[in-house]
Structures are given as C-alpha cells and as structure tokens.
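Thank you for making time this morning.

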Amino acid sequence: MLKAEDVFRPGAFPEYTYVSRTSALSGLTYEFRLNQAIKVSGFLTSLVGPSKMGKTILCEKVIGLENIVEISGADFDDKTDFWKLAAAKVGLSYEGQFTSEKSIPESGNKYFKKETFALTKDKIIDYYKENDLVLVIDDFHYAPEARRMQIAQQLKDAIRRGFKTIVVSLPHRADEAIRQNADLSGRLSLINMDPWEVKDLEEIAKIGFAQLGISIDDQIAAQIAVESLSSPQLMQYICLNICTILEMKGEDCRVIEPEILETAYRYTTANFEYGEVVSLIRKGPNTRGKSRNKFRTRKGQDYDIYELIVKSIAENPPIMQLKFEEVKDRIYKLIADGCEKPKPQAMKDSLVKLHELLTVKEDIFKVLEWKDGVLYILDPLFLFYLRWGVRENV
Ligand SMILES: Nc1ncnc2c1ncn2[C@@H]1O[C@H](COP(=O)(O)OP(=O)(O)O)[C@@H](O)[C@H]1O
Ligand SMILES: [Mg+2]
C-alpha cells in the first residue's frame, strides 16, 4: 500500500501524481516542447515561468535523472569558473596532479615525476556529449547579475559545439542576459511556462487520492485547486495535509468531507515561514515617529493603510493580480459604513512605497510587485499564507 507522503510530494519529484499539461499557446504538452527544444543541436533552451510552477520537475521528467546535470544560479559567486563547476558536477576533476613514471634515456634509471593538468573546456564538452548529458542551469536569477552575461558568453560558444543546456529562470528578471542577448539571437528555443489552471490542479488530487483509495468529490477537488493559486506545489501540500488529518481521525476514514478543508488549509500554512514578511508589509516604511491615519473596519478594528492593503489582498476570491480599482474596492468594503476611507492617491503612494521596501530585501521578501497600476502577488505560497495563516488581532 502506498503512503500518502509517497503520493503527494510537495518538495520532490511527484512520481505518482505527475500531471502533464498543454501549453495554451502551442497546444502541445510542455514535455513535448522541451524534448523538441533540446533535440535541436546548436540551440540553447530558455525555460521561463513563475516560481513553483514545475520548471525543475519538467526538466527532470523530460531529461531523466541519469542524463540531467543540475546546477543552480546560486552556485555562482563572483569568481566561480563555469567550466570548473560543470566538470565538478559530473565528477571530473578539473585541475589536479598525477605522478608518472619516467625513465632517464641513457641509464634506464626510473624516477617519478609530478605533473599538473587542467581539463580543457573541450574535454568537458566532449564528456557531456558522449554521455548524453544535459546541463540545466536552474534558478538563473540567483546568479549575480554581473555574472549572467559572462555565463551566457560561455554558453554561446559551447552550444555551437553541441553542448546541450537549458537555462531556467523567473520571468522579467534574469532572462535578459539570455533572451535579450544579441549573440544568442537565432540560437534560442524559448519555452514560457504558464501558471496552472484549475482543471490541471484538480488532476493532482484526483489521481493521488485514487491511488490511496480515498474518494474525493469533483467539487471538493475543484475547491482545493482554486485555493492552490495556480501552484502545483501548494496543491500537493494541501492534499498531503488532508491525508494527515484523515489518518489522525482513524484508519478507516477514506472520504474527504468539506468540513476538513479549512483545517487542512490552516495546517498547511505551518509549512511556510512568512511571518516576518507579513509583519514588514503591515508595518510599511519607517514613518520616523509620525503616526499614521487609522481607519475603522466593519469588524471594529482600527487599521492603517498598510494593514488595510494586507487585509485586502487576503480577501475572496484569491487572485494573484489585482488592478488598482480592485484593491481600492476591496479596501472600501472593509471600512465600516459612514467612516472615513483612505484616499486613492494615498493608497497608490503606499503601494509604490511597499514595492520599494520589498524589492531591496532578500528573496523571501519579494512577494509583491506594484507595476503600471497593477498589484502582482509574485509568490502563491505567500498569498495562501495571508489567507489561512494570519490570525486576527495578531
Ligand atoms: N507536473 C507536475 N505534476 C504534479 N506536481 C507537480 C508538477 N510539477 C511540479 N509539481 C509540484 O510542484 C513542486 C514544485 O515544482 P518545481 O519544479 O520545483 O517548481 P519551480 O522549479 O518552477 O520552482 C514539485 O515539488 C511538485 O510537488
Ligand atoms: Mg525550480
């Protein structure tokens, strides 16, 4: 009998719940697209998509664990040698010493000589080709900005010689070094990964619970899928937590009642660490001692504008992109009848400030973006945390 943790795997390759999706643009599956792309010799594949959408899993699925060599943008610092890293990942020693036996010509006497060697880039490329290896540079956005162009330069030369590489990154951030690189133009296969649709997320629950002998209503699967905010990872987490709840109820509990969903959502947030992020956003930028205007909500709380923004994002329905009008309407709905409402311009100013505050912080804080009148939630797990993990009056 399979265990729940083998079936639902939020942090690893989901062997039993892998779902194949079709790209809206091409009408082809992502697996086919990626396979097709890496078969074209002399081309570099750029795979771009939002966080936690299954980019790494797709590469692992298509290339297979024997042939994939994964390096992360985070493996690079200012000095890391690209080829040294590519060699180390496959267990080749790049530089080293060996001792060879030599003999002196006239006397025939033998002696040992220490020699140093360095693998050439050509040797490494050959090794990859001979062994059918594909290098995946994952999370390219983690490589220092100054290094990205240099890496692209190394790749340009290597792909011409049949070295197969996939560069994986988030949209709009790090992909310029690859996609906007004139040297690479005409030598790129581009794959854009869309966020997950509800029907594909539902599949994860349906196939997973079926394998565990647990029955799930289509409607419940759909509800969980909506709450998963286009993230297969969140879907896997929630399903796994549902299993844990059922197990705690007793062995023979094999039906998912709608009542346990909320509990499952709340339990799921325990997996995430956004406490500090939420409190930073609620606090907003430093006011240098001045206190902010407070607004009275329907529930009788007094919130300043940043607290209202956080509240509004968490409202129903869960949406990853909110136009300013939507943010405003959500905030106005929170305010008690007849009480003062924040002015639209003040809200816009606060959104600009929030954006500035978060973009200079570490990656975990980069959860929101305010751009061209739209508030983008960049991290689905963060929005989920806001909806289910944050308790009132905290
Ligand atoms: N095709 C898929 N089918 C089912 N679950 C998936 C699929 N792709 C990803 N997942 C789930 O989402 C998690 C995160 O995927 P990952 O590839 O690491 O995202 P990314 O690399 O885009 O950040 C995986 O560990 C897995 O639980
Ligand atoms: Mg990844």
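Of the contacts in the chain with a separation of 6 or more, 69% are accounted for by residues 24 or more positions apart, where contact means heavy atoms within 4.5 Å. Please keep in mind that this is a predicted model, in which local features need pLDDT of at least 70 and side-chain atom pairs count only at pLDDT 80 or more, while totals for chains, interfaces and linings use all residues. Residues are numbered from 1 along each chain as its sequence is written, chains are lettered from A and ligands numbered from 1 in the order in which they are written, and side-chain values use heavy atoms, with hydrogens and water left out.

Let me continue with the chain as a whole. Its secondary structure comes to 16 helices and twelve strands, and here helices (H or I, at least four residues) and strands (E, at least two) are DSSP runs, numbered from the N terminus. The C-alpha trace spans about 105 × 60 × 40 Å along its principal axes. Of the 394 residues, 47% are buried, and by buried I mean under 20% relative accessible area, with exposed meaning over 50% and partly exposed in between, for a 1.4 Å probe and protein chains only.

Ser-189, in strand E7 (residues 188–192), is buried because its relative accessible area is 12%. If we leave aside its neighbours within four places in sequence, Ser-189 is in contact with Ala-37, Phe-43, Leu-44, Thr-45 and Ser-46. Val-226, by contrast, sits in helix H9 (residues 218–227) and counts as partly exposed, at 39% relative accessibility. With neighbours within four places again left aside, Val-226 is in contact with Val-198 and Pro-318, and its C-alpha atom is separated by 69 Å from that of Glu-101, which is 125 residues away along the chain.

Now to the aromatic rings. How many aromatic pairs does a search of the whole structure find? The search finds 14, counting rings of Phe, Tyr and Trp (its six-membered ring) as a pair if their centres lie within 6.5 Å, with planes under 30 degrees apart called stacked, over 60 edge-to-face and the rest tilted. One of them is the edge-to-face pair of Trp-83 and Phe-163, at 5.3 Å centre to centre and with 65° between the planes. This pair links distant parts of the chain, since Trp-83 belongs to helix H4 (residues 82–89) and Phe-163 to the loop between helix H6 (145–160) and strand E6 (164–169), 80 residues apart. Trp-83 is buried, at a relative accessible area of 4%, and Phe-163 is buried as well, at 1%.

In another pair, the ring centres of Tyr-274 and Phe-382 are 5.8 Å apart and their planes stand at 70°, so this pair is edge-to-face. Here too distant parts of the chain are linked, with Tyr-274 in the loop between helix H11 (260–269) and helix H12 (275–283), and Phe-382 in helix H16 (residues 380–388), 108 residues apart. Both Tyr-274 and Phe-382 are buried, and ring pairs link them into a cluster that also includes Tyr-237, Tyr-265, Phe-272, Phe-384, Tyr-385 and Trp-388.

Next comes a sheet. An open sheet of three strands has the order E10-E12-E11, with antiparallel pairing, and two strands count as paired if DSSP finds at least two bridges between them. Strand E10 (321–323) and strand E11 (368–371) stand at the edges with a single partner strand each, so one side of each is left without a neighbour in the sheet. Four bridges join E11 to strand E12 (residues 374–377), and Leu-368 stands opposite Ile-377 in E12.

I will finish with the cysteines. A search of the whole structure finds zero disulfides, a disulfide being a pair of cysteine sulfur atoms within 2.5 Å. Cys-239 is buried at 0% relative accessibility, whereas Cys-339, at 28%, is partly exposed.
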